[in-house]
Amino acid sequence: MTTTGPVTVLITTFLASAVEAIEMVIIVVGGGATRGWRSTLIGSASGFGVLAVVVAILGAALSAIPIGPLRIVVGALLLVFGLQWFRKGVMRVAARGFAGTNRVAQQEEAEAWTGPGIDWTAFALAFKGVTLEGLEIAFVVVAFGAGANQLSAAIIGGVGALVILVAAGLLLRRAVQRVPRSFLQLIVGILLTTFGTFWSLEGIGVDWPGSDASILGLLALYGATAAIYVTLERQRAFGLRPEV
């Protein structure tokens, strides 16, 4: 019986965890850029706190927890938020283009939460994204580490992927904030709808071809759908415009 070496386990766990960490970063950065960073970061920190407690208490027993029901709930919620932003993004990009006017930019900026309390939409998106993806990373670490009897190497790979990609997300935050808000809202709507579709259907037992690679296909599908709707909406708007 051959034993998998620690380097192999570390690299495999790092790459598998990186896929989940990328999804986490996309949700958090997208939510923060469109809804505001304070509530998003509070939701992310709360998610990491819950995740740390769950991992500390359950440890290796995590592999026995059914992830399917959690995927259904989180996926359905992401679909609700994602489709709302998808629709708003299509309408705004169709009406105003990618940049928009100063008046529109001010109106869109006002939608970001500026009150003293918590923006529960931003909080919930970040919290659920961090919790679900963090649990998936924990499952990856336990599965690879326990299976190969190299739990330490698996932990290093999983934590390393998470730290590197979270740091990359923080570095990209300023670049994302420079994207016109109407276009950014459409992009985030496409991403949330994509992940929501993938997770909710996977939670009810759908076996996606190519596993996580199917996310790219869904992303292309929803991106093409958005482009078609933007084109149709612009044609409709111009068709209703009176001739000069």
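This note covers charged and aromatic side-chain pairs in the structure above.

1. Basis. This is a predicted model, in which local features need pLDDT of at least 70, side-chain atom pairs count only at pLDDT 80 or more, and totals for chains, interfaces and linings use all residues. Residues are numbered from 1 along each chain as its sequence is written, and side-chain values use heavy atoms, with hydrogens and water left out.

2. Salt bridge count. A search of the whole structure turns up 1 salt bridge. The term means a side-chain nitrogen of Lys or Arg within 4 Å of a carboxyl oxygen of Asp or Glu. Side chains of opposite charge can pair when their charged atoms come close.

3. The pair itself. Arg236 bridges to Glu233, with the closest N and O atoms 2.5 Å apart. Both residues lie in helix α8 (residues 214–240). They are 3 residues apart, about one turn of the helix. Helices are DSSP runs (H or I, at least four residues), numbered from the N terminus.

4. Exposure of the pair. Arg236 is partly exposed, at 45% relative accessible area. Glu233 is buried, at 18%. The classes are buried under 20%, exposed over 50% and partly exposed in between (1.4 Å probe, protein chains only).

5. Surroundings of Glu233. Leaving out residues up to four places away in sequence, Glu233 touches Met91 and Ala94. Contact here means heavy atoms within 4.5 Å.

6. Aromatic pairs. The count comes to 4 aromatic pairs. Rings of Phe, Tyr and Trp (its six-membered ring) pair if their centres lie within 6.5 Å; planes under 30 degrees apart are stacked, over 60 edge-to-face, and the rest tilted.

7. Trp120 and Phe123. This aromatic pair is edge-to-face, at 5.2 Å centre to centre and 70° between the planes. Both residues sit in helix α5 (residues 120–148), 3 residues apart, about one turn of the helix. Trp120 is exposed, with a relative accessible area of 58%. Phe123 is buried, at 17%.

8. Phe198 and Trp208. Their ring centres are 5.4 Å apart and their planes at 25°, so the pair is stacked. Phe198 lies in helix α7 (residues 181–203) and Trp208 in the loop between α7 and α8, so the pair ties together parts that are 10 residues apart in sequence. Phe198 is buried, at 1% relative accessibility. Trp208 is buried too, with a relative accessible area of 15%.

9. Cluster. Trp120, Phe123 and Phe127 are linked into a cluster by ring pairs.

Terms used. Helices (H or I, at least four residues) and strands (E, at least two) are DSSP runs, numbered from the N terminus.
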